[in-house]
Structures are given as C-alpha cells and as structure tokens.
Amino acid sequence: MRVHPRRLFCNVAGDFYATGENPTPDEPRSRRMGDCLTCHGPESQAQELLAELTNDNRTTYFVRQPETELETERACKAVQYCCVDALRYAGQNADIISRLGNNPAHCDYLIGRDGRLVYCLEENGELLPWAAEIRNAIGMGIDVPPVPDV
Ligand code: SF4
C-alpha cells in the first residue's frame, strides 16, 4: 500500500487514516498535530474508530479500522464530515471508493475506465492536477472529467 507522506504516525495501520504534521523523532508529540482537530464532528460519526479528543489529544485520527459494513459506513461518514479533507481512504475496495463518491478529496485511488484503479496523489501528498480538477468539479457540481489512463 502506498503511504500518504502526511499520514499521521498515530493512525492505526490500515486503509482509513488522517493526515497532519508528524513530529520529527526528536520533537515531543504535539497536542495539535493533525489537520483535523477538535470540533468532534468526525468523532460523532465514528466514535468507536477515532481517538477520543481530550486535553492531551486534540487530533482526529483512526485508532481502529472498520470491521463490519456498519463500521465502514461510519468511517465513510467521518471521512466525508471532515471539512478539510484530512480523513482519507487509501484502500482499493471499489465499493468503498464508490461510496466515497470516487472523489480524490477522500480517496487515494480512484476508479478509472474499465474499473481500473488509478493512484491520484503526488509524491508530496498533493492531488495530481487531473485529480484536483475532478475534486473541484465534484465540489462545484459541474461535469466531472474522466479519470485518465496514467
Ligand atoms: S471537521 Fe473541520 S472543523 Fe471539525 S475539526 Fe475537522 S477540520 Fe476542524
């Protein structure tokens, strides 16, 4: 599995993850290192899968991966709740990618022509230009360009 360069180290291993600024090895773990912080919104969607927010933890991240259909749905809702697209799905399950709207704002792989999966991130974790166009089109509710053959 390709790993987003800004995947927070504290996420449990697996397909759903949160992004942020990881501390360097000699830095203390910051209380506010995540891109998604303290509004409790994502946690309200998938409380059992995300770290509890406390005075010592103000970062949203996954402590458990979903194991059932219901939990997967809750994880997807948390991903879609995050208003800065900091919760993501790195997996290659086409059903989950479809559930998340085949949207690069939420998924590292998109479903392309003939069901082929295409990775949509740059080395630095930014969306590839064609993926940014797709994300923007989805956001604006206009015609979504096709996933290219890359
Ligand atoms: S969902 Fe949005 S407002 Fe809430 S903590 Fe995450 S980034 Fe902040």
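Here are some friendly notes on the structure above, to read with the model open.

1. **What kind of model this is.** Please keep in mind that this is a predicted model.

2. **The overall plan.** Along the principal axes, the C-alpha atoms fill a box of roughly 45 × 35 × 30 Å.

3. Of the 150 residues in the chain, 31% count as buried. Contacts between residues 24 or more positions apart make up 47% of those with a separation of 6 or more.

4. **Two domains.** How is the chain divided? Domain 1 covers 1-90 and domain 2 covers 102-150. Their centres, taken over C-alpha atoms, are separated by 21 Å. Where the domains touch, 10 residues of domain 1 are in contact with 8 residues of domain 2. On the domain 1 side, α2 (69-81) and β2 (87-89) each supply at least two of the touching residues. That side of domain 1 has 4 nonpolar, 2 polar and 4 charged residues.

5. **The largest nonpolar core.** Next, look inside. The largest nonpolar core has 29 residues, and those with the most contacts inside it are Ala 18, Leu 50, Phe 62, Ala 75, Ala 78, Val 79 and Leu 87. At least two residues each come from β1, α2, β2, α3 (94-99), β3 (109-111) and α4. The largest share, 4 residues, is supplied by α2.

6. Leaving aside residues up to four places away in sequence, Leu 87 touches Ala 18, Cys 36, Pro 42, Thr 60, Ala 78, Val 79 and Cys 82.

7. Val 12 is found in the segment before β1 (16-18). Is Val 12 buried, exposed or partly exposed? It is partly exposed, because 13 other C-beta atoms lie within 10 Å; a residue needs 20 or more to be buried, and 12 or fewer to be exposed. Val 12 touches Phe 62, Val 63, Arg 64 and Gln 65, not counting residues up to four places away in sequence. For Val 12 and Arg 64, the C-alpha atoms are separated by 6.0 Å, with the two residues 52 apart along the chain.

8. **Two aspartates with positive phi.** Asp 85 is in the loop between α2 and β2. Its phi is positive, about 55°, although Asp 85 is not a glycine. Asp 85 counts as partly exposed because it has 17 C-beta neighbours inside 10 Å. Now look at Asp 114, in the loop between β3 and β4 (117-119). Phi of Asp 114 is also positive, near 60°, in a residue other than glycine. With 6 C-beta neighbours inside 10 Å, Asp 114 counts as exposed.

9. **Gly 141, after a helix.** Where is Gly 141? It is in the segment after α4 (129-140). Gly 141 counts as exposed because it has 7 C-beta neighbours inside 10 Å. Between Gly 141 and Val 79, the C-alpha to C-alpha distance is 19 Å, and they are 62 residues apart in sequence.

Technical notes
Residues numbered from 1 in each chain as written. Predicted model: local features only at pLDDT ≥ 70, side-chain atom pairs only at ≥ 80, totals over all residues. Contact = placed C-beta atoms within 7 Å. Domains from an automatic or database assignment. Nonpolar A, V, L, I, M, F, W, Y, C, P; charged D, E, K, R; others polar. Core = buried A, V, L, I, M, F, W, Y, C linked by C-beta atoms within 7 Å.
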